Each structure stands twice: as structure tokens, then as C-alpha cells.
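Here is my note on the model, as numbered points. It takes up the ligand site, then the aromatic rings.

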Amino acid sequence: MHSFLGVRTALALVVAAIAAGASLLLNGDAQASLVVLVCAAAAVLIAASGSDHAPASPISAMPSADSEPAIAEVIEAIGEPLLVIADSRVEAANQGARELLGEHVLGEDVRVAIRHPAAAERLMRPDDANPGAPIHLVGLGTRDQRWEMRVRTLGDGRRVVHLIDRTGSYAAERMRVDFVANASHELRTPLASLLGYVETLREDAGDDPGTRARFLKIVFGEAQRMQRLIEDLISLSRIEAEKYRAPDKAVNLPELIGQVTTELSGSPRAADLVTHIADVAPVAGDPTQLSQLLHNVIGNAMKYGREGTPVTILLQPEGEAMVRLTVSDEGEGIPPQHIPRLTERFYRVDSGRSRSLGGTGLGLAIVKHIVERHRGRLDIASVVGKGTTVTMVLPVRRVS
Ligand code: ADP
């Protein structure tokens, strides 16, 4: 664009020179011609310098009718919120930005449009030494959302503000940190108890056979608790590691349920088990994981159900392509506010009760991951005082 204006200026100066020459030829007055030349050249230079004040960029140097739709169209094609800022005003905002900040942001001062102190401070520093460094914004959009804001300055001085939603990765990172802290705490508790009893046994208490037997029983129980926890942790990490590999063995659920109920026949509430098993097509599954799922869900119904009330296992087809498995108990039920969190690792409604019943707090988290790996659905419904029903819908294996 600069070279184009330069050529025009040069041409105008040539025309001015020709005009001065013509004036000399026609009037024969060198002084008048010199005046014509100087005035024409001055006029051309003033006009050219006026043009030189126009922005240098090809986009903004063009008439706004041509440039704005072009940049607005480009940013509209991008899903994440994007704003174009010119002289601190929002010149363009894509749909993502309008949804996040409001339709009114166009033309607004960017500090008003984004309405976040850290963002405003960053945007008021166009000469930032590190313009690409992102800043993190909390409180933009909904209260829990976390955004990363990146600012890039274009050649013509306009700035592009890019907002990236980091809520998911922030939550995942927090969950990972919480998980490590919780797992360490859950392991440390039985370990501290183990060490305490072993220490006491090494001293005087070990001499008395009655005390020794009682302490050894506790030590054994705590060691078993640690073992269950470690086994559940290993299961969880195995299932997670395989989450993108859909299981494909043909699993006969009626047979598997039969095996699991036989394995549970030694438990105190075995007599309460009631099964209604329809003849269903085999599901595409991992038999070990599905057996673990059954143990966890039926085990919970037996643990948290009321003594002497039925624990009902129902298996039936769900259309042509799915199989529905429900396990119901008639226990105390679960208050509704806890239900969405039951599949979180280590989440328990009543920690003391769960621990006294040998729970690790990981059973339903494992169930959720197994159902997800099987491309199925999990639903937990409960009525306080009446009982709980856990439903799992799993896809049948396609015969190709
Ligand atoms: P836990 O090892 O503690 O049983 P789970 O992950 O299997 O852990 O279950 C999480 C929590 O959900 C339990 O601690 C318990 O409070 C609640 N829960 C699970 N199943 C039932 C049920 N059938 N009835 C009542 N509460 C249940």
C-alpha cells in the first residue's frame, strides 16, 4: 500500500513539473512558473501526507465496508471467544465472545466489555514485553469457569483477544490432586493403626495370649482394609488405562450373575438375594470387569439394605440393542443431594458407616468407569426410607 501511494505522489509531482513547464512556455515568465511549481508540489505533498496518515495495514487501510466483514467472518468461524480491539474499543466479536460477554460488547470499551480487573489491566498494557503470555481469569461467565486470555497485536496495532475455556482441565487437575491426597490419607489411617498395634505387641501386651489374639485380629483387619483399598486403586487405574479400548468379548450376563451370586452365597445376607433373569443376548464386554461391577453393586445393596428385606437383581432386554440390569434394595436410601456425587472417588454419604462395613469409597467410581468403558449408561435412583435402585444399561454384542 505504501509503494502504491508513493507512485501516485511521484506521478503528481511530475504533473506539477509539467504544469510549471507549460506555464513557462505559455507566459515566458520563469518566476511565475517557479511559483506554480512550488505551489503544485506543496499541494501534492500535503495531499500525499494526508494519505500517509491512513493505517498501514491492508485490511484497515481498505474502506471499512470491505475490511470489517472479512475479519468478523474469519473470527466467526472459530468456536472459542475472540475479540478484535481497535483503540481500546471492541471492533469485532465472534459468537463465542458475544455469548460469554453479551451481544452489547460491539463498540464498547474493552474494559467494560470484559469487565474483569486482571483482563483490563493486561489490555491497557499494549507495550507488554511478553504479549503472548496468557493470563488466567476466574469469575468470567459463570462463577466456576476458568478462562485463559491471550492477546496478540496485529501489524496495524489492533489486538486480537482469545479466551480459552480451561474449566475442564482445571477441574481434572484439581481432581487428580484431591485424589492423591485422599488416597494417601485412606492408606495412612490403617497403616498408623497397624504400626501402633504391632508396637504394643512387641512390648508387654504381647505376653498375654488373650490381648495378643485380640490385637492380632485387629492387625489382620487393618491389613485387609489396606489390601482392599490397594486392589480397588489398581482396578481403577487399569480400567481408566483401557477406557478408549471398547471390550468385545461376548459375555453371557445370566451366567455371570449366577457365578457372582454363588460367590456371595457365603455372605450373611445371601438369603435375601432375589433374581429375575430374562434370556438376553450376550453383551460386548470384559467378563472380569463386569463381574467386579456386579460384586460392587450387589455388595452395596447387601451392605446398605435392611437385614431381612430383599435385594432384587433384574435382567431384561432393553429394545434390540441393549440389556438392562437393575439392582434394588430396601435400605435407608440416599438423600437426593448426595446422588450426583456418589460416583466420585472416596465420596461417601456416611464415612463411619462405610468404613465399619469394609467400604473403600471407590466401589461406585469403579462401576461408573466400567459402564463407561462398555459404552453403557448408569443411573442411581433412591428414596429416603424406601431404598435404592442402581440401573445399568449395556449394549449387546453385534454379530458381524
Ligand atoms: P463404599 O465402599 O463406601 O460402599 P461406594 O463407592 O460403593 O463406596 O459407595 C459410595 C457411597 O454411596 C457409600 O459410602 C454409601 O454412602 C452410598 N451407597 C452406595 N450404595 C448404596 C445403597 N445401595 N444404599 C445406600 N447408600 C449407598
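1. Two helices, α11 (287–304) and α13 (363–373), each supply at least two residues of the shell around the ligand. With 3 residues, α11 gives the most to that shell. Helices here are DSSP runs of H or I with at least four residues, strands are runs of E with at least two, and both are numbered from the N terminus.

2. This is a predicted model, in which local features need pLDDT of at least 70, side-chain atom pairs count only at pLDDT 80 or more, and totals for chains, interfaces and linings use all residues. Residues are numbered from 1 along each chain as its sequence is written, and side-chain values use heavy atoms, with hydrogens and water left out.

3. The ligand is surrounded by 18 residues, the closest being Asn300, Tyr304, Asp329, Ser354 and Leu364; a residue counts if one of its heavy atoms lies within 4 Å. By class, the shell has 7 nonpolar, 7 polar and 4 charged residues. Asp, Glu, Lys and Arg count as charged; Ala, Val, Leu, Ile, Met, Phe, Trp, Tyr, Cys and Pro as nonpolar; the others, Gly among them, as polar.

4. Tyr304 places a polar side-chain atom 2.7 Å from an oxygen atom of the ligand. Polar backbone atoms of Gly361 and Leu364 each lie 2.8 Å from a ligand oxygen atom. The protein buries 95% of the 530 Å² that the ligand exposes when taken alone (Shrake-Rupley method, 1.4 Å probe).

5. The structure holds 2 aromatic pairs (ring centres within 6.5 Å). In one of them, Phe179 and Phe346 have ring centres 6.0 Å apart and planes at 25°, so the pair is stacked (planes under 30 degrees apart). Phe179 lies in helix α8 (residues 167–202) and Phe346 in the loop between β10 (322–328) and α12 (351–356), so the pair ties together parts 167 residues apart in sequence.

Technical notes:
A polar contact is a pair of N or O atoms within 3.5 Å; within protein, one must be able to donate a hydrogen and the other to accept it, and residues adjacent in sequence count only if both atoms are side-chain atoms. Rings of Phe, Tyr and Trp (its six-membered ring) pair if their centres lie within 6.5 Å; planes under 30 degrees apart count as stacked, over 60 as edge-to-face and the rest as tilted.
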